[in-house]
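Subject: Structure for you to look at

Hello,

Here is the structure I said I would pass on. Please open it first, and then read my notes on what was found.

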Amino acid sequence: MRWQGRRKSDNVEDRRGIGGRGLAVGGGLGGLVIVVLYFLLGGNPSEITESLQVDGPLATTGAGQPLSEKDKEMGDFVSVVLADIEDVWKAQFQQMGQGYREPKLVLFTGQVDSACGYAGASSGPFYCPGDSKVYIDLSFFEDMQRKLGAPGDFALAYVIAHEVGHHVQNLLGINDQVMAKRGRLSERDFNQLMVRMELQADFLAGVWAHYARQSTDFLESGDIEEGINAAGAVGDDRIMKQTQGYIVPDAFTHGTSEQRVRWFKKGLETGDIRQGDTFGAANL
Ligand SMILES: [Zn+2]
């Protein structure tokens with residue numbers, strides 16, 4: 001991506017280097033404890049475990065350390081991508097006759113406190129509807145490259161756009177509708193509903209990519225392919241196979257690689273949010 005010199009968003013909260021220990025649960029168990037607590041409290045575990053489940057906790061890079069030049073550059077990159085996503089959704093909401101409330105994006109190292117609970121980097125990037133913030137530990141980006149085989153800056157841009165897709169769903173009331181069904185459906189049926197919500201977030205990431213591609217000098221050749229590759233790399237089937245060696249379709253919460261790629265591409269090709277009704281689609 002040719003991102004240098006483009007507008008940066010004011011909505012990035014950089015909490016890297018601060019470290020999260022001592023805030024709430026603390027320690028390496030933090031992420032796990034929170035997920036369990038959250039289940040018990042009736043929260044939406046997907047808000048916490050959003051994700052791109054990675055095999056084991058990620059390395060926590062340098063909590064309490066000053067940011068390196070590379071860290072700063074990554075932060076700038078994220079700000080530029082977020083700014084572009086803001087522009088696209090602002091225009092889309094305007095077309096629908098609605099105002100767009102921009103989400104914040106929190107960069108953190110290791111662990112973070114959110115309105116959805118305390119989370120560790122092992123939970124992967126997530127969106128919290130309670131505070132309308134996207135949370136990303138950029139060490140996940142390294143994991144995408146090394147463990148998941150999804151290199152390239154556009155792979156990270158896709159992840160950011162997917163998370164902001166959840167924010168769009170939140171603004172449109174879709175998140176509330178899905179969560180209202182929680183507890184009234186079997187776990188298996190609820191998981192299927194989650195898959196539809198996740199595939200819609202992929203579709204919305206694709207809608208952003210559609211407009212990003214039209215913007216002058218932003219994308220380079222190979223970027224879109226990096227995004228498509230990343231969408232495939234985080235499919236439930238592929239991640240399950242990689243982490244546990246076998247696939248349990250009833251436990252899917254994000255969709256298969258093939259589905260994630262297909263819905264991302266549908267958004268990319270149409271740029272039309274009316275085409276993204278994953279809940280009404282007979283075939284996902
Ligand atoms: Zn998601």
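Start at Met-1. Leaving out residues up to four places away in sequence, Met-1 touches Asp-153, Phe-154, Ala-157, Phe-218, Leu-219, Glu-220 and Asp-223. Touching, or being in contact, means that the C-beta atoms of two residues, placed from the backbone, lie within 7 Å. Met-1 sits in the segment before strand 1. Is Met-1 buried or exposed? Met-1 counts as buried because 21 other C-beta atoms lie within 10 Å. The cut-offs are these: a residue is buried with 20 or more other C-beta atoms within 10 Å of its own, exposed with 12 or fewer, and partly exposed in between, with C-beta atoms placed from the backbone. Met-1 and Ile-224 are 223 residues apart in sequence, yet their C-alpha atoms are 9.8 Å apart in space.

Two notes on the source. The model is predicted, so local features need pLDDT of at least 70 and side-chain atom pairs count only at pLDDT 80 or more, while totals for chains, interfaces and linings use all residues. Residues are numbered from 1 along each chain as its sequence is written.

Now the whole chain. The protein chain has 284 residues, of which 44% count as buried. Its secondary structure comes to ten helices and six strands. Helices (H or I, at least four residues) and strands (E, at least two) are DSSP runs, numbered from the N terminus. Of the contacts between residues at least 6 apart in sequence, 78% join residues at least 24 apart.

Four strands form an open sheet in the order 1-2-6-5, with mixed pairing; two strands pair if DSSP finds at least two bridges between them. Strand 1 and strand 5 are at the edges with a single partner strand each, so one side of each has no neighbour in the sheet. From one strand to the next, the twist averages 25°. Angles run from 0 to 180 degrees between N-to-C directions, and axes are lines fitted to C-alpha atoms, for helices over the stretch in contact.

Helix 3 (residues 69-95) packs on the sheet, where it touches strand 1 and strand 2, and its direction makes about 160° with that of strand 1. Helix 5 (residues 153-171) also packs on the sheet, touching strand 5 and strand 6, and makes about 155° with the direction of strand 6.

Strand 2 (residues 104-108) has four of its five residues buried. Strand 2 runs parallel to strand 1 (residues 12-15), joined by four bridges, and Leu-107 in strand 2 stands opposite Asp-14. Strand 2 also runs parallel to strand 6 (residues 133-137), with five bridges between them. Phe-108 has Asp-137 of strand 6 as its bridge partner, and Val-106 has Tyr-135.

Which residues does Tyr-135 contact, leaving aside neighbours within four places in sequence? They are Val-106, Phe-108, Val-112, Ser-114, Ala-119, Pro-125, Phe-126 and Cys-128. Tyr-135 is also among the residues with the most contacts inside the largest nonpolar core, which has 65 residues. Such a core is a set of buried Ala, Val, Leu, Ile, Met, Phe, Trp, Tyr and Cys residues joined through C-beta atoms within 7 Å.

Two packed helices are described by the angle between their axes and the distance between the axes. Residues in the contact include Leu-199 and Phe-203 of helix 7 and Trp-263 and Phe-264 of helix 10.

Finally, two backbone angles. Most residues other than glycine have a negative phi. Ser-132 has a positive phi near 55° and is found in the loop between strand 5 (126-128) and strand 6. Ser-132 counts as partly exposed because it has 16 C-beta neighbours inside 10 Å. Asp-217 counts as exposed because it has 10 C-beta neighbours inside 10 Å.

Regards
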